[in-house]
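Good morning, and thank you for making time for this presentation. Let us turn to the model and begin with a single residue.

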Protein chains: 2
Amino acid sequence: MKEFKRLIAYREALSLLLNDLKEIPDGEEVELEKALGRVLAEDVVSPIASPPFDRSAVDGYAVRAEDTFQAREYRPVELRVVDEITAGEESRERVEPGTAVKLTTGSKMPEGANAVLMQEMAEREGNVIRVLRPVAPGQNVSFAGEDVGKGETVLRKGQVLRPQDLALLKNLGFKRVRVKRKPRVGIIVTGNELVEEFDEKALQSGKILESNSIMLEGLVRQYFGEPVFYGVLPDDEGAIRETLERAKRENDLVLITGGSAFGDTDFAHRFIRLLFHGTTIKPGRPMGYGERVFVMSGYPVGAFVQFHLYVKHALAKLTGVRDYEVKVRGKLAERVSSQLGRYEFVRVRYENGIVRPLKKRGSGLISSLTESNAYLEIPEDSEGYLEGETVEVVLY
Amino acid sequence: MKEFKRLIAYREALSLLLNDLKEIPDGEEVELEKALGRVLAEDVVSPIASPPFDRSAVDGYAVRAEDTFQAREYRPVELRVVDEITAGEESRERVEPGTAVKLTTGSKMPEGANAVLMQEMAEREGNVIRVLRPVAPGQNVSFAGEDVGKGETVLRKGQVLRPQDLALLKNLGFKRVRVKRKPRVGIIVTGNELVEEFDEKALQSGKILESNSIMLEGLVRQYFGEPVFYGVLPDDEGAIRETLERAKRENDLVLITGGSAFGDTDFAHRFIRLLFHGTTIKPGRPMGYGERVFVMSGYPVGAFVQFHLYVKHALAKLTGVRDYEVKVRGKLAERVSSQLGRYEFVRVRYENGIVRPLKKRGSGLISSLTESNAYLEIPEDSEGYLEGETVEVVLY
């Protein structure tokens, strides 16, 4: 008897599950210092203009541009320096015809001045400068609001906060920012064959070291979630049912990976109303989804592929994050073939614009995940790509 | 008088400072659970083979392949099932001629068997299966060491640990891994013009909200360092000297950003033997380096550029990390020009293989950093690139 009656197409399955999930509405206020890498929960509108005042972009002299129009190296114009300020200070003098105020980069423009003469364009003697070249109105001045206008939307909901975004927020006077709550993702690992500690004898008698949990925890973190690990369970229906119910109550999503329990005996159907079970993806076919629970492969490679093709997008739906994947284009170093009817996840190595498919394609080989750094997707209706074709891959 | 006597070329300055720094020798043992995103301090060699035994890749029957060679759908071969195991169990029976052992995916191969017949290729009646097709020796078997051989180098020093790397380590029996200590990076911000809290009146009188510290802290974290913030200091020689000395003692690197103090009066030279001060980069020219201290711009854009062009590479030298930059190729949406003799850092937006240079190129505009997601480098000897040219950009 076959395990699955019908495989549903990858995109169909994906849209079924995305339609089943809603963006989590709740955000939380966090201090800017703790917001790096978080997902912005709302658009940010600037309460002020930045810079808040006209300021000098260089070290030099604030002048009335019209006073300098006649200045030439062979016929300098003389101006009287009435004040000197540095950034952070405000001049109490007004720049009247025939005068100038010395200032440094970032200084607030004094009243009356409309341009800044760079320091090296003037010769100074005592209180007098000789202007060697004319400056145009506005020259070397950064105007108020030039960076950000008051009321301007500066950051958009769904973006991941980077160091420069935090700098902008701080520069606009924010101390906190509203980010999405991290979706909680329960992780349950099942399988009589699994042991959690290294044990030579156990391994020789057919046991396997459990490694799905640490991988899924890391992936959940990478995609803006908070993992909650519920331990490794034996293939015991009662224990699994109980833990699964608890995990569903306590989390936004649940990932349960199973070995034989979900293969031969189709355990999962007894606990969860699945929207689908078994899709066209390869590897990782025997995945089920229903009631916010992903029934995933016991093999790390299968679980990894299922995470990237399904769970990652589900997490993105929950947080509303945009640009969570880095896609790059490269030339295929060799042809790669795929089975018609299967949505293949091909492990590749991307380097300097070249995409090399790995020879290792078995679903039992964790080393194929560590040796690769990206994946290429080949849809069901394609037999593959030729050597030299430009393809898009997703980095991991 | 000009600020700087001589600009040294970007690459020359970079190699001067990289030669001045050494990879930090010390690593630390961390639990796998805490190792995500850390830099591996040494090559990892597998102490065991994985899988540790030959195992079945499918649900089915372990057989002697030669027993099935004559099997056809119209002339099945009969075998007697002498045992049933699931993954994690070991059969006590040997597969003798004419017998089979039922097993599930991942089960250890019983003695005597050399292939697995998929479940759907057999019809079962009581203790007897009728084999409908022949299997070849080794078919549907994953052999011991197929994923990783004993003594094989599986991960390389300098790589950043990803979820799948941790899974492999756990699968091979590791509980801890040796990663590089995070370089400590002291951050000192100076400038009389800076305020740390929003204050309408102060901003109107020429002050600026300090935003370099949070940006540099975030960047240091992104590139595998541990930031230590020493506060915002006024342009006071004594205070700066004292804090700088302390920061040098307590950290692997120090970043000090200065406004006027380091421009007009060239403060920095009095404290530090600089290897260079002023390079050809644009924006961000007035940067100095010496004695593990980076004297950086007071403007966030300048400091950001200096971080990416210099500090990032210095941190990479300290940790020995590889692949710390994501470089992608794209087509320029429009021409971009550059001043000969300057090493330009052009803020761009990379999307779907298209590179759009930002119109905002001023060095006072933090919004130019938040609106861009990558940079394009234009060396000193280039006047720029044409529309449609393929260029490589670095994502941030």
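Predicted model: local features only at pLDDT ≥ 70, side-chain atom pairs only at ≥ 80, totals over all residues.

With 28 C-beta neighbours inside 10 Å, B:Val63 counts as buried. By that term I mean that 20 or more other C-beta atoms lie within 10 Å of the residue's own; 12 or fewer make a residue exposed, anything in between is partly exposed, and C-beta atoms are placed from the backbone.

Residues are numbered from 1 along each chain as its sequence is written, and chains are lettered from A and ligands numbered from 1 in the order in which they are written.

B:Val63 is part of strand β4 of chain B, residues 60-63. Helices (H or I, at least four residues) and strands (E, at least two) are DSSP runs, numbered from the N terminus. Which residues does B:Val63 touch, leaving aside neighbours within four places in sequence? Its contacts include B:Leu79, B:Val95, B:Leu117 and B:Val135; a contact requires C-beta atoms, placed from the backbone, within 7 Å. By contrast, 82 Å separate the C-alpha atoms of B:Val63 and B:Glu200, which lie 137 residues apart along the chain.

Next, the domains of chain A. The assignment gives domain 1 (10-25 + 182-319), domain 2 (27-50 + 146-180), domain 3 (55-142) and domain 4 (327-395); such bounds come from an automatic or database domain assignment. The centres of domain 1 and domain 2 of chain A, taken over C-alpha atoms, are 34 Å apart.

I now turn to helix α4 of chain A, residues 212-222, where nine of the 11 residues are buried. Among them are A:Ile214, A:Met215, A:Leu216 and A:Glu217. The buried residues of α4(A) pack against β13 (184-190), β16 (226-233), β17 (253-258) and α8 (300-319) of chain A, and also against α2 (163-171) of chain B. Just after this helix, A:Phe224 adopts a positive phi of about 75°.

Strand β13(A) is itself mostly covered, with six of its seven residues buried. Six bridges join β13(A) to β16(A) in parallel, and A:Val189 stands opposite A:Val232 in β16(A). β13(A) also pairs with β17(A), again in the parallel sense, over five bridges; there A:Val185 has A:Leu253 as its bridge partner. Pairing here requires that DSSP finds at least two bridges between the strands.

Finally, the two chains together. How many residues does each chain bring to the contact? Chain A supplies 69 residues and chain B 68. On the side of chain A that touches chain B, helix α2 (residues 163-171) of chain A gives the most, with eight residues.

Chain A can be laid on chain B with an RMSD of 0.1 Å by a turn of 180° and a shift of 0.0 Å along the axis, superposed by least squares on the C-alpha atoms of residues with pLDDT of at least 70 in both. The two copies are thus related as by a two-fold rotation axis. The same surface serves both copies, since 99% of the contact residues of chain A recur in chain B. Of the residues of chain A, A:Val328 comes closest to the rotation axis, at 3.1 Å by its C-alpha.

Terms used:
Contact = placed C-beta atoms within 7 Å.
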